[in-house]
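These notebook entries record what I looked up in the structure, topic by topic.

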Amino acid sequence: MIVSEQIAIDHGLKKDEFKKICQLLKRTPNITELGIFSAMWNEHCSYKSSKIHLKTLPTKGKRVIQGPGENAGVVDIDDGDAIVFKIESHNHPSFIEPYQGAATGVGGIMRDVFTMGARPIANLNSIHFGSPQHKKTKNLLRGVVHGIGGYGNCMGVPTIAGQTSFDSSYNDNILVNAMTLGLVKKNKIFYSKAAGLNKPIIYVGSKTGRDGIHGASMASANFDEKIEEKKPTVQVGDPFTEKLLLEACLELMTGDSIIAIQDMGAAGLTSSSVEMASKGNLGIEINLNNIPCRESNMTPYEIMLSESQERMLIILENGKEELAKKIFEKWNLDFAVIGKTTNSKKIELFFNNNQVASIPINTLVENSPVYDRKWKKTKMPRRNKFKKEVFKNLKIIDVLNKILANSNVCSKEWIWQQFDHTVMGDTIQKPGGDAGVVRIHGTNKAVATSVDSSAVYCWAHPFTGGKQIVCESWRNLISVGATPIALTNCLNFGSPENENNMGEFVECLQGIAEACEYLKYPIVSGNVSFYNQTKDIGIKPTPTIGGVGLIKNYSKMVTMEFKEVNSIVLVIGKTEGNIDQSIFARYILDEKNGPPPEINFFNEKNIGETLLKLIENDLIKSAHDVSLGGILTAISKMCIKGNKGINLKKPKLLIHELEYFFCEDQGRYIIEVHPNNLKTIKNILDKNAVHYDELGTINDNNELYFNDKIKVAIEELKNSNTYWLKDYMRK
Amino acid sequence: MKSSVITFPGSNCDRDIDVALKKFGFKNRMVWHADVELPKSDLVVLPGGFSYGDYLRCGSMAAKTKIMQSVINFAKGGGLVLGICNGFQILVETGLVPGVLLRNKYLEFICKNVFVKINNKHNIFFKSLEKDILEFHIAHNEGNYFCSKDQLKEIEDNDQVALYYCNQNGDTEEQYNPNGSIKNIAGIFNKEKNIFGLMPHPERMIDKSLSGEDGSLFFKNLINNLK
């Protein structure tokens, strides 16, 4: 087949890009080569629109062992242990086929982690759906949850935290971001950089089929009416094979046979082989007749672009083939020597004794297009002036019940009860708290982790929103007593070819970078997902932050449920009463405009570090950060989880009580302290210039009293909070 | 006391049960599914997980393995066998215990703490256990125990029900049934009470930092009964 410009365009390449390919090759590519270029040069693999901006992110820190650029990031957690972690999106496949899309998203991210030699110890997910009223939402949610569970549960890795939101901007483009943490010994980390000539390249795992051909290109295109036709590009997952692959790889990794290893993720064999060769500055030669195929008569084009799951590419030391083969056969997995490393600096493919492709590696990687896209700055929206009359007819308990039952605030128990969160026997903080916590097996250490995003804030003002999510992630880790170490991000945005969407991307990233820099909370891995839109409308900008923190002695871990009657409850951090973009303003007052809450880096860091000190000194009985729904929502959740009531008093301030209790001012935590420690704690807070308000005392009658006048049973609040999602899904 | 845990391809609670058995004094050995011989054991455990991916039907392929033939012989000779979750599913597939395990009532995987009431303490698993109600943890998609009316009568007549799902006071109303099991059954014995299959995971309840400690009571009691 002669490759024409039109065929290139059908592969998602632009005219200019096709021209560039012909210039680089000094000839027209054949169809296999064109397929390889289209896979390597699409947005998903090449980061062509995001690269120049991603370079500005802070990626270094004293605990960082490996930053972005590998299969996953790695951080040091002392005693020779390290945590490997990364988040990745699987948005478009999950919208087309929610079960398989979500399942293979989970499978893919776990592979990224165990490729580096780490045993996965925790999974997380951040999933975003359209309006609950939208006709597709319920089925998509059910499919995604079953898919995540179906894969993660079978792998025997606990899913310990997550986040779910509903917003009409995701009606036709849901988001499914999956994150995995793995544990590895610092001196046994495996990388993807090829080294040495004539080293055998081996293929292990599942056979190659026709599933997922051009998945990465599909993920880099806008959705249109023909979306249903794309179903065949969604991969099908087999968690059982992945479990075997995990065990087999870790078994091989105990020895010294492996030079480099890379999983076959997006763009399958193409990107894995090219990336390994590129990092090692080598060439690679593959005989496609040796690839284990599931279907007959597969062409070189199909073999190279298949995204069949549960496959790995390994470069071995010479002479280790038999040993490796034995291990994979023990686990009933395919094993094949498919090629070798060369000094040609080209990827050369052979099929039926003919050379079917020969492409210089650098043309696929270094010479891939890089775009400095046009982007528009978002102005800071003007603040709303709410007249006091607006508040007059609102009863605080009604507002509270409504907020607790809001789809974005309510308990997500229906979701996380479907994920095995206790397998491996080290989960010491389950989903539903500020962060999930797992012990490092057999030690006193634990790692805390959470995923966060605030699309509404990022949409209102991307720069502020970007700062906010990093701070929120930091706060969630601190709330459980963990010292934040590093983070991974999944950047979900609309089309980079749209100036507004590109502007949201650039400014969110600037906000993220500033916050990471200030908090010394570096980014060690991540993923960009553009073209999240249907027709011409982009989703709300949704960067997702996956944070990881260390608890040196897990007996000091803090949870959010109220513990003891007569304890004193404080809010630390200042409450100004800005309700713009709060759940209260958006859903109760129906005011969707206005600026998001401001971030004050100094206060953020100071308050967080002071709280960690208090936790370290065993002065905190429970803690919870104040986020969506403000102080009263946070306190209600602590009452519900702890089965305790509280006598609340609003401090004597000029702010209206609704503003005080429902605003979403940042940098605040609710803490429970023993009355005997109150004085000591106040001293420490004063000394560190941390503002606090005393809010009340925990009671034993299971009711929330408000200024001695109004009261509501905790049971009622619990019902508001717990049943919305269950009822919605089972109706 | 010697125990053996069988690892099938797809088992994923094998390490957890290994940790638990060792913690309470068992000398445990992991046995690979392709092995034929069972090491000398006082207790054999079939762990949780997704043996052979649970494709076809949960536990059905594992039930046909060579090592299971040895386990069956061991059990028929009076040897003590414990099947947890997927292990329970394997036990019903071999016919060592009666009944079947269907998909959960709401067709959803469930992971949470539950209470179970011990129905019968005249056996080596529960003899001398002080508590009557235990807090255990479940994590399964196919734990909905079912059997025919005749079988149920036989099971009850022989006192083969080991555990019922209940609330913390031991009430066994339908609302405390997490998965739709007939009569709230969470675990059963064979007629001779040397084989015990249950859906809950006692091995996940062995530390106060975890979901609870009632699993510790179970294992401590079991090893004491064996001594």
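**Entry 1. A parallel pair and its sheet**

I began with strand 9 (residues 283-287) of chain A and strand 12 (residues 346-351) of chain A, which pair in the parallel sense over four bridges. I note here that the model is predicted. Within this pair, Ile286(A) is placed opposite Leu349(A) of strand 12 of chain A. I then looked at what packs there and found helix 3 (residues 31-41) of chain A on the sheet, in touch with strand 12 and strand 13 of chain A. The direction of helix 3 of chain A makes about 35° with that of strand 13 of chain A.

I next traced the sheet itself. It is open, has seven strands in the order 8-10-7-11-9-12-13 (chain A), and its pairing is mixed. Strand 8 (258-263) and strand 13 (354-360) of chain A stand at the edges with a single partner strand each, so one side of each has no neighbour in the sheet. From one strand to the next, I find a twist that averages 20°.

**Entry 2. A second open sheet**

I turned to another open sheet, with seven strands in the order 23-25-22-26-24-27-28 (chain A) and mixed pairing. Which strands stand at its edges? They are strand 23 (622-625) and strand 28 (710-713) of chain A; each has a single partner strand, so one side of each is left without a neighbour in the sheet. Neighbouring strands of this sheet are turned by 20° against each other on average, direction ignored.

Inside the order, I checked strand 22 (residues 568-572) and strand 26 (residues 692-699) of chain A, which pair in the antiparallel sense over five bridges. The bridge partner of Val571(A) in strand 26 of chain A is Asp693(A).

**Entry 3. Helix 26 of chain A**

I followed helix 26 (residues 714-730) of chain A, which lies across strand 24 (645-648), strand 27 (703-706) and strand 28 of chain A. Helix 26 of chain A runs at about 60° to strand 28 of chain A.

I then examined how helix 26 meets helix 23 (residues 630-642) of chain A: their axes come within 9 Å and cross at roughly 105°. Helix 23 of chain A contributes Ser636(A), Cys639(A) and Ile640(A) to the contact, and helix 26 of chain A contributes Ile714(A), Leu717(A), Lys718(A) and Asn721(A). By class, I list four nonpolar, two polar and one charged residues in this contact.

**Entry 4. A covered strand**

I looked up strand 4 (residues 119-129) of chain A and found it mostly covered, with ten of its eleven residues buried. Strand 4 of chain A runs antiparallel to strand 6 (residues 175-185) of chain A, and nine bridges join them. In this pair Leu124(A) faces Met179(A) of strand 6 of chain A. With strand 5 (residues 159-166) of chain A, strand 4 of chain A pairs in the parallel sense over seven bridges. There, Asn125(A) stands opposite Gly162(A) of strand 5 of chain A.

**Entry 5. The largest nonpolar core**

I recorded 291 residues in the largest nonpolar core. The residues with the most contacts inside it include Ile83(A), Val470(A) and Val116(B). Helix 20 (residues 499-519) of chain A supplies the largest share of this core, ten residues. Setting aside residues up to four places away in sequence, I find that Val470(A) touches Ile512(A), Ala515(A), Cys516(A), Leu519(A), Tyr521(A) and Ile545(A).

**Entry 6. Two positive phi values**

Most residues other than glycine have a negative phi. I noted Tyr47(A), not a glycine, with a positive phi of about 55°. Tyr47(A) lies in the loop between helix 4 (43-46) and helix 5 (51-54) of chain A. Tyr47(A) counts as partly exposed, since 16 C-beta neighbours lie inside 10 Å.

Lys345(A), also not a glycine, has a positive phi of about 55°. I located Lys345(A) in the loop between strand 11 (334-342) and strand 12 of chain A. With 14 other C-beta atoms within 10 Å, Lys345(A) is partly exposed.

Methods: Residues numbered from 1 in each chain as written. Chains lettered and ligands numbered in written order. Predicted model: local features only at pLDDT ≥ 70, side-chain atom pairs only at ≥ 80, totals over all residues. Pairing = 2+ DSSP bridges. Axes fitted to C-alpha atoms, helices over the stretch in contact; angles between N-to-C directions. Contact = placed C-beta atoms within 7 Å. Nonpolar A, V, L, I, M, F, W, Y, C, P; charged D, E, K, R; others polar. Buried ≥ 20, exposed ≤ 12 C-beta atoms within 10 Å, placed from the backbone. Core = buried A, V, L, I, M, F, W, Y, C linked by C-beta atoms within 7 Å.
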